[in-house]
Amino acid sequence: MAIFKVFRYNPESYEIARFQEYEIPDTESMTVLEGLYYILENIDPTLAFRSSCREGVCGSCAMHINGEYRLACETQVSDMGHNVTIRPLAHMKIIRDLVVDLTPFFDNYEKIKPYLINSGPVPDKEFKQSPKERKRIDHHVDCILCGACYGSCPVLATDSAYLGPHALLKVLRFVDDSRDDAAYERLAYVATDYGIFRCHTIFNCQQVCPKDLDPTGAIGKLKMKAVKGKLLGKLKKTGT
Amino acid sequence: MFYDIVIVGGGLAGLRAAIAAHDAGVESVAVISKIHPVRSHSGAAQGGINAALGNHPEGHDDSPERHAYDTIKGSDFLADQDAVEIMTADAPRIIYELEHWGCPFSRFEDGSIAQRPFGGAGFPRTCYGADRTGLYILHTLYEQVVKRNIEVLYERFVTKLAVRDLHCAGVVVQNLHSGEFEAIGAKTVIFATGGSGRVYSVNTTNSHSSTGLGVAIPYWAGIPLKDMEFIQFHPTGLDGSSILMTEGCRGEGGYLLNNKGERFMKNYVSEKIMELGPRDIVARSMQTEINEGRGFEDRYLQLDLRHLGAEKIMERLPGIRDIAMNFRNVDPIKEPIPVHPAMHYTMGGIDCDKNGQTVIDGFYAAGECACVSVHGSNRLGGNSLLETVVFGARAGKHAAGQVEGMSSTPDEEALNSALKAEKDRFKMLRETDGTENPYDIKNELARIMMDKIGIFRSQTDMESAVDEIKRLRERYEHIRAIPDTGKFNYDFLWVTEIAGNIDTALAIASGAAARTESRGSHFHLEHKKRNDEEWLKHSMYTFKDGAPEISYKSVTVGKYEPEERKY
């Protein structure tokens, strides 16, 4: 048996936010997501949570589980000692229960021009990229946009203008891509007080990333590249 | 709300259709999805996407013609050959286009896109990005949607089509963010809603979102479905959760072992092919091993990657290793992975032509929910991603070419009547005094499908499945009331999905029971041979009085005459 304590809140009703306890007859290999489905299907159909792939690739079910931001689908109930406390992602408005408003998260992602920019002629076949060049964007390209890093970031707790670890990791993904030729334009956009220099290098995002990516390290690399670009006179007006 | 083109579904087919429509000059395009596009199940595709690029040292003689032949043979000759030829001819162009948009494919030493061998293919032609090809293409396409500023309305749950006089006027959605029902008018609607795996509940590689409702909604609106009886079982679902273990594992050289430690595939296909047979044959071979007592715990076999070495596993199959460790506590570098066949793909779907057009004016389909047909009775690995982008783009472009001549006045009457129907259904579900737990029905349905419409099918089983599903359909009439939670009413969402599950399953089971031959994924225990004389034809399903009315349609055979399928 497992005990789930699940955060419940519906801003539209006049109820106070609370934790609701559910008893679940778990099995050895039950994930936290399966536990939530057990509740929805057998105990309480009013519970709201997002999910889709149940295999750690769609990024729907990032939530705060027993003190850490994790994907519910990748978290075993047994690893949580059969006592599971679940809160929604932080720093975003709660819509209902475990569902938060991801608008600021995706807005920031869109701000950094998250697409390849190549102004040269398009080849008939593929752009050639050596395995070594491709290796530079390994990991960066594995981000599933789950929001665990966003929820864990103490800077975002007080400053929603900060672009956030997910958006800045994406910037490095394009800066480091041999096919992209907008590196200085990208660096100029983030070399600001709401971009890379707002990061206090607290490492929370690195610690919680369910895909073992390193947004903290990525921001560090962007800082070095931006400073170097400025010293070489290649980085012009920042923030635009 | 009124758009020129509304696309339902934000996976590969939907996003590619949106980009095509936009690039053809249509400004008023919206992508509608019940989840955010990057959450789509296309992102879980692992092994790759086929195109005869000839980048592999052993692939220099590959060509779109060879790709077409392999696909047609793989389909057990049920695919429409003209559609297959379009797909394989367009494949190189469309892959280069994805690459130009930034898709991070893995690379060969010469800097070209890396390719690996896949089942049923004469050459290594599956382009890949490690074992996360679907994730990379999905994010690349979403990036292009952002770049083009295409409108995306996510967490809008489509529940009904507004159709009048054989013309589609738009869709009805429940906006999950507000809980309100809304009618969205459109000159053209393109459905790109994905697969139906959850009809088999946990015994599928598919996501919770892949329910079959996207097939059921047009079917309820009078649009025929095609070839629904052909259900692909992927040979390697992870024991327990059925999570996909890519065919790329075997493409990279992985072995399948029984409990005697034998590479048993040598008993089923030639030694040259071994583990890289087409999926229908490998899945049947595996199920035979398990049924005859050569499995482990009467349930699974082993996928052994150990001889590939840590370096290759980490480079080519890192996601597989993560999943095996997270979900089964097995490190493939040190131990074989326990696997069994699991429902993976619906070859059938909404009947449409090579441009995605259906019998209803202004309604298109693309991707897994559609049936063009390019996969016939068995799809080759690496061809599903290809189908989504090729036919997604074709549907978007073709629809864009039609909108100019179409009326810009929304059909308010059709939209309002559909909207009212959905509001009434919601009210009825709120106020019903039934007692059935809808999720018990869903689980019971999955048991029936798994036990009776699985890899090996007997006439008695298939007919009893049809009867049992009909009884579940009656039980659904007596489900307990749903709560009124306002925003994000997931119970309403899943209860609606279950209605789609049931009718999609009924179509699958009825079509299977009717087809008295074995072809591709449909293996009939009392009719073990393919019978071209009587059955070289597509099954068509029309929704009538709560059940499918089945008819048949001819297959387009081109230069490849049906022959015995040997590997």
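**Domains and interfaces**

Reply: Chain A is assigned domain 1 (2-100) and domain 2 (103-232), the bounds coming from an automatic or database domain assignment. This is a predicted model, in which local features need pLDDT of at least 70 and side-chain atom pairs count only at pLDDT 80 or more, while totals for chains, interfaces and linings use all residues; side-chain values use heavy atoms, without hydrogens and water. Residues are numbered from 1 along each chain as its sequence is written, and chains are lettered from A and ligands numbered from 1 in the order in which they are written.

Me: What area is buried between domain 1 of chain A and domain 2 of chain A?

Reply: The size of an interface is often given as the accessible area lost when the parts come together. Buried area is that loss, taken with a 1.4 Å probe and summed over both parts. For domain 1 and domain 2 of chain A the value is about 1,100 Å², with carbon and sulfur atoms giving 63% of the area. Tyr69(A), His91(A) and Met92(A) supply 49% of what domain 1 of chain A buries against domain 2 of chain A, more than any other three residues. In contacts (heavy atoms within 4.5 Å), 13 residues of domain 1 of chain A meet 17 residues of domain 2 of chain A.

Me: Which side chains form a salt bridge between these domains of chain A?

Reply: A salt bridge requires a side-chain nitrogen of Lys or Arg within 4 Å of a carboxyl oxygen of Asp or Glu. The count between domain 1 and domain 2 of chain A is 1 salt bridge; Glu74(A) and Lys211(A) meet in a salt bridge at 3.0 Å, N to O. Strand S4 (residues 68-71) of chain A gives the most to the side of domain 1 of chain A that touches domain 2 of chain A, with 3 residues; strands are DSSP runs of E, at least two residues, and helices are runs of H or I, at least four, numbered from the N terminus.

Me: How many residues of chain B are in contact with chain A, and what area is buried?

Reply: 63 residues of chain B are in contact with 60 residues of chain A. The two chains bury about 5,000 Å² between them, of which 52% is on carbon and sulfur atoms. Across this interface there are 5 salt bridges. Glu155(B) forms a salt bridge with Arg50(A), with the closest N and O atoms 2.5 Å apart. Chain B and chain A also have 31 residue pairs in polar contact (both at pLDDT 80 or more). A polar contact is a pair of N or O atoms within 3.5 Å; within protein, one must be able to donate a hydrogen and the other to accept it, and residues adjacent in sequence count only if both atoms are side-chain atoms. Helix H4 (133-147) of chain B is among the elements giving two or more residues to the side that touches chain A, and H4(B) provides the largest share, 8 residues.

Me: Is Lys452(B) buried or exposed? And Glu517(B), buried or exposed?

Reply: Buried means under 20% relative accessible area, exposed over 50%, and partly exposed in between (1.4 Å probe, protein chains only). Lys452(B), in helix H12 of chain B, is buried because its relative accessible area is 16%. The side chains of Lys452(B) and Ser464(B) are joined by a polar contact of 2.9 Å. Glu517(B) is buried as well, at 0% relative accessibility. A polar atom of the Glu517(B) side chain lies 2.8 Å from the backbone nitrogen of Asn531(B).
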